[in-house]
Amino acid sequence: MQQQLKPFLMIVALLLIAGGAALALCFGYAAWQVLYHPEKVDTLTYILGNIAQQKDVPAMTMVVDGRVGEYRISAPMKMFGLAYLFIAGLAMLVSIARCLSDAGVNILKAIWLPPAPARKPQTAAQAPQKKPETTL
């Protein structure tokens with residue numbers, strides 16, 4: 001049964017490895033574009049161009065002692081938040097790509113297990129000895 005599944009598992013493993021590598025290349029290219037040529041990325045250009053024109057709305061409102069309090073975020077903090085979300089999202093996607101590749105490699109390792117080393121028969125001199133019991 002195990003020999004019958006080897007070709008199928010090998011194909012699955014190779015697809016996982018290739019898919020992970022392709023995803024990592026795509027994410028790397030996207031990060032390179034954003035870092036070195038942000039003017040070519042339409043979505044990023046739109047966000048950077050319009051962040052200062054955003055309507056100033058409170059990030060959080062609360063009621064403290066019967067009064068309504070507001071917490072507002074400055075434009076630099078909004079930009080920091082967007083950059084953090086981009087980097088965190090990219091890291092998450094790269095980790096997914098790595099998980100795909102690692103799963104494929106582990107499948108291949110399981111398929112091609114190295115042969116077990118031959119065991120030498122134990123002689124009387126090599127037999128494990130019992131420890132002497134000590135009493136206190």
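## A tour of the predicted model

Where pLDDT is low, the predicted coordinates should not be read in detail.

**Stop 1: Y29 and W32.** Select these two residues in helix 1, where they stand three residues apart. Because of that spacing, about one helical turn separates Y29 from W32. How many aromatic pairs does a search of the whole structure find? The search finds one. Y29 and W32 form this pair, with 5.9 Å from centre to centre. The planes are 35 degrees apart, and the pair is tilted. W32 has a relative accessible area of 40%, so it counts as partly exposed.

**Stop 2: Q33.** Move on to Q33, which also lies in helix 1. Is Q33 buried or exposed? Its relative accessible area is 12%, so Q33 is buried, the cut-off for buried being under 20%. Now show what surrounds Q33: setting aside neighbours within four places in sequence, Q33 is in contact with P38, K40 and V41.

**Stop 3: the nonpolar patch.** Select Y46, I47, M60, M62, V64, Y71, I73, M77, F80, L82, Y84 and L85 and display their surface. Together these residues form a nonpolar patch with about 1,200 Å² of accessible area. Colour the selection by element next. At least two residues of the patch come from each of helix 2, strand 1 (60-64) and helix 3 (75-111). Which element gives the most to the patch? Helix 3 does, with five residues.

Stop 4: From the patch, pick V64, one of its members, which is found in strand 1. V64 has 40% relative accessibility and therefore counts as partly exposed. Then step to D65, in the loop between strand 1 and strand 2 (67-71). What is the phi of D65? D65 has a positive phi of about 55 degrees, although it is not a glycine. With a relative accessible area of 73%, D65 is exposed, because the cut-off for exposed is over 50%. Show V64 and D65 together to end the tour: V64 is partly exposed, whereas D65 is exposed.

Key: Residues are numbered from 1 along each chain as its sequence is written. This is a predicted model: local features need pLDDT of at least 70, side-chain atom pairs count only at pLDDT 80 or more; totals for chains, interfaces and linings use all residues. Side-chain values use heavy atoms; hydrogens and water are left out. Helices (H or I, at least four residues) and strands (E, at least two) are DSSP runs, numbered from the N terminus. Buried means under 20% relative accessible area, exposed over 50%, partly exposed in between (1.4 Å probe, protein chains only). Contact means heavy atoms within 4.5 Å. Patches are made of residues with over 30% relative accessible area and no salt bridge: like charges are joined within 9 Å, nonpolar side chains (Val, Leu, Ile, Met, Phe, Trp, Tyr) within 5 Å. Accessible areas come from the Shrake-Rupley method with a 1.4 Å probe; for residues, only the protein chains shown count as cover. A salt bridge is a side-chain nitrogen of Lys or Arg within 4 Å of a carboxyl oxygen of Asp or Glu. Rings of Phe, Tyr and Trp (its six-membered ring) pair if their centres lie within 6.5 Å; planes under 30 degrees apart count as stacked, over 60 as edge-to-face and the rest as tilted.
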